[in-house]
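Here are my notes on this model. Please read them with the coordinates open.

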Amino acid sequence: MKAVQTNQAPAAIGPYSQGIIVNNLFYSSGQIPLTAEGNMITGDIKEQTHQVFRNLQAVLAEAGASLETVVKTTVFIKDMNDFAALNEVYGEYFSTHKPARSCVEVARLPKDALVEIEVVALVK
């Protein structure tokens with residue numbers, strides 16, 4: 001196992017890594033809408049989802065993977081009423097390549113984020 005860490009995404013805010021590579025698979029920790037500097041994006045679901053994808057792209061790149069090699073995503077959303085808006089942004093990042101996905105509404109996310117996304121991806 002190899003831990004992945006990049007300064008281009010927010011540091012872990014607990015006892016975990018940004019992600020782990022096992023064999024040829026990368027497992028990311030959940031990304032919330034924090035900037036690499038640790039500032040929370042407090043905008044709407046669309047703004048927060050764009051920041052989450054910026055973070056995912058950074059940790060994927062550090063792992064030697066990309067959005068195009070993502071096999072599975074898990075989306076945690078605070079309010080299922082935001083599902084359509086989240087999907088709109090999600091579709092900008094996964095337009096032709098569509099990995100498997102789960103999406104669940106949760107009671108609360110770290111730092112009161114509206115969305116958190118984690119991925120599993122093939123490492124190139």
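1. Terms and basis. Helices (H or I, at least four residues) and strands (E, at least two) are DSSP runs, numbered from the N terminus. This is a predicted model, so local features need pLDDT of at least 70, side-chain atom pairs count only at pLDDT 80 or more, and totals for chains, interfaces and linings use all residues. Residues are numbered from 1 along each chain as its sequence is written, and side-chain values use heavy atoms, with hydrogens and water left out.

2. Thr-42 sits in the loop between strand S3 (25-28) and H1. Thr-42 counts as exposed because its relative accessibility is 70% (buried is under 20% relative accessible area, exposed over 50%, partly exposed in between; 1.4 Å probe, protein chains only). Ala-113 is 71 residues away from Thr-42 in sequence, yet their C-alpha atoms are 8.0 Å apart.

3. The sheet. An open sheet of 6 strands runs in the order S1-S2-S3-S6-S4-S5, with mixed pairing (two strands pair if DSSP finds at least two bridges between them). Its edges are strand S1 (2-4) and strand S5 (100-105), each pairing on one side only. On average, neighbouring strands are turned by 15° against each other, direction ignored (axes are lines fitted to C-alpha atoms, for helices over the stretch in contact; angles run from 0 to 180 degrees between N-to-C directions). Strand S2 (residues 19-22) is antiparallel to S3, with 4 bridges joining them. Within S3, Ser-28 stands opposite Gly-19.

4. The helix on the sheet. H1 lies across S1, S2, S3, S4 and S6. The angle between H1 and S6 is about 30°.

5. The cores. The largest nonpolar core has 26 residues (a set of buried Ala, Val, Leu, Ile, Met, Phe, Trp, Tyr and Cys residues joined through side-chain atoms within 4.5 Å). Helix H1 (45-63), strand S4 (70-77), helix H2 (83-93) and strand S6 (115-122) each give two or more residues to this core. H1 gives the most, with 8 residues. Another core, of 5 residues, lies apart from it and includes Phe-76 and Leu-109.

6. Ile-117 is among the residues with the most contacts inside the largest core. Beyond four places in sequence, its contacts (heavy atoms within 4.5 Å) include Val-52, Phe-53, Leu-56 and Val-75.

7. Backbone check. Most residues other than glycine have a negative phi. Lys-111 has a phi near 60°, and so does Asp-112. Lys-111 counts as exposed at 51% relative accessibility; Asp-112, at 37%, is partly exposed.
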